[in-house]
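Dear colleague,

Please read them with the model open beside you.

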Amino acid sequence: MLTGAVLTVPVLFAVMAHELFGADWVPGWMLNHWLQLALITPVMFYTGWPIHVTGWLTLRHRAADMNSLITLGTSAAYGYSLLVTLAPGLLPEDLREVYYEAVGVILTLILLGRLLEARAKAGTGEAIRALLGLQARTARVVREGAESEIPIEDVVVGDEIVIRPGEKIPVDSEVLSGSSAVDESMVTGEPMPVTKHAGDSVIGATVNGTGSLRVRAAKVGSDTMLAQIIRLVQQAQASKAPIQRLADAVSAYFVPAVIAIAIGTFAVWFTIGPSPALTLALVSAVAVLIIACPCALGLATPLSVMVGTGKGAQAGILIRSAEALETAHKLDTVVLDKTGTVTEGKPVLTGVHTADGFDETELLRLVASAETDSEHPLGQAIVTGVRGRGLHPPAATGFDSVTGKGVQATVDGRAVLVGTARLLGDVGVDTTALTPIAAKMSAEGKTPVLAAVDGRPAGVLAVADTLKDDSVAAIAALKRLGIEVVILTGDNARTAAAIASQVGVDRVLAEVLPEHKADEVRRLQGEGRTVGMVGDGINDAPALAAADVGLAIGTGTDVAIEAADITLISGSLSGVVTAIRLSRATMRNIRQNLFFALVYNAVGVPLAAGALYPLWGLRLSPVIAAAAMALSSLSVVTNSSRLRRWHTQPLPEAQPARVQPRVESGAERAQAGSMAAAAAFDADPARYTTAPQRSDQSKQHRNR
């Protein structure tokens, strides 16, 4: 492309200055045909080589695409110019124009568009590298009674591994002893750490909390969940076929028509044309090919895409490829991950209910004091929320953390318990009055935290992952665009339903394991839908790659961003609405460009073929054909520039009516799948019957 640009610019500058502006100061040697031939020949055969190879191959296989159009048009212009340069005496004096600058401009611009697109597509392997970077490098194993640190590749199933506080869990394992809260958000996407006890499973690459664990390796190498997610991302990226360009689809019909018209033009004028018949036939045929030269058609899509992606970047939307920009306008279903996408992705204190005899401010101070030394995210959310209300909790003494239950401490001489109903029940506190409140909070998708002071039930605090500010308005805007919105989450059905009800989403896919999210996207695609997936976590990466368009929240993980087609830098769901609107505007602009490109051909090709010559003696020379070609390109450029005036629209305020979402839990989908499989077996049992075993001879041959 650089070679083409450097060699084309001098020729283009000289010709444009002389022909269009009548500049007399352009030196004659710059307009010399031999100099132009020397400069443009490398552009024709070096810069244009990738285009010509594909163009001639498609023609040889009786097909046609943009490459075919470019090859035919530039070959005709170059061949005619070469004839004028080498043997000008064969042509009348008024037909001795050359079109070297058109050849250089067409090939260089087309290659520039492809270079920009190739760079946008580069880096798809970063998702895999980022995933590999998550896993631990070493593991501390116990062999023959001694601890030793070994590379993770040397861990085998059954190894006993010691995991200290704050360390990454090396491989998928089963807890043998110890208890700790494990942060699984990098894999599951859920913000709440999960407390692990003996007998529980832990996932490789997740982060251990404050406790120590002794685990037994259950899955290593390619069998771990992280390895499975990597494999799913690879498969989804490899299976995503590029979308056929609108211009290519047009070219499939346009190219054969142009070739037929050019051949027909030559044949007619050579047979019945006035003298010199050969020259007239040749000039007319070349004029047909030049005016059909796909400069405007080749620019129609890339220019709009470049303007569209630029407008997207200004709006905080990074679009990886033209395919993504093209496909987004066809989306009819948008799947939203819940945590970190619809919600903020971190727990916050959302409410407090006090028991009789307790003041809300005093209860918050006591609870926050007890939780100050706790490292559990729920405790930290309470402390942050209390301080955010302007309260200053006093120092606590006698702090003790009860793993999986809560904390106990002494604050201003008062015994404070904060945690689960089980913790309060263990010391004889009656939680009967608090149970209905806690149940109501749970039904609303919140986590209830019970508190007792001096052996009496004191109240319930609600901690929840709150909605993002614009989630409600963005989902309402998506619905107005005619798009169905679905929430996809690994969280339990009750919490998912509560969030969906708040934002006005009618369909929820809950309790979906990380490795099954891509399957759910494919299931929706199997219903004939064009699916966009919006997510922010590592567990979303396979689904983002499997979707027709993957949109990653820019505040999420690098893996999700690399696996997606579009990145929303702000982390706001309004970016999804903007991306779809921008895609629709861009595609509308592309269709207009194609119209401008083709309407000139529709009028110019018959003129170039000599349709008006018998009536009025009008004939379109190659010079006028080149001017018409330039005019069509100018129309496309001007129309594409109109897209620069496109701007984002603020989301109107929306208060969705509370809906009763249709929740499909993991168990329900598994049951439905089993019933479908049973029905399929009943309909065609032979299809599912075990095949006969191979003979011993065939087994031996296979083994050998």
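In these notes a salt bridge is a side-chain nitrogen of Lys or Arg within 4 Å of a carboxyl oxygen of Asp or Glu. Please keep in mind that the model is predicted.

By that criterion the structure holds 18 salt bridges. In one of these, the side chains of Glu167 and Arg140 meet with an N to O distance of 3.1 Å; because Glu167 sits in the loop between β3 and β4 while Arg140 belongs to strand β1, the pair ties together parts that are 27 residues apart in sequence. Arg140 is buried, at a relative accessible area of 13%, whereas Glu167 is partly exposed, at 24%.

Lys517 and Asp337 form another salt bridge, with their closest N and O atoms 3.2 Å apart, and since Lys517 lies in helix α20 and Asp337 in strand β11, this pair ties together parts that are 180 residues apart in sequence. Both Lys517 and Asp337 are buried.

In a further salt bridge, that of Lys479 with Asp506, the closest N and O atoms are 3.5 Å apart; Lys479 is partly exposed, with a relative accessible area of 35%, and Asp506 is partly exposed as well, with 42%. Salt bridges that share partners also join Glu362, Arg365, Arg414 and Asp454 into one network.

Turning to strand β12, Leu349 has its place there and is buried, with a relative accessible area of 12%. The C-alpha atoms of Leu349 and Val463 are separated by 4.6 Å, although the two residues are 114 residues apart along the chain.

Notes:
Residues numbered from 1 in each chain as written. Predicted model: local features only at pLDDT ≥ 70, side-chain atom pairs only at ≥ 80, totals over all residues. Heavy atoms only, no water. Helix = DSSP H or I, 4+ residues; strand = E, 2+ residues; numbered from the N terminus. Buried < 20%, exposed > 50% of the residue type's maximum accessible area, 1.4 Å probe, protein only.
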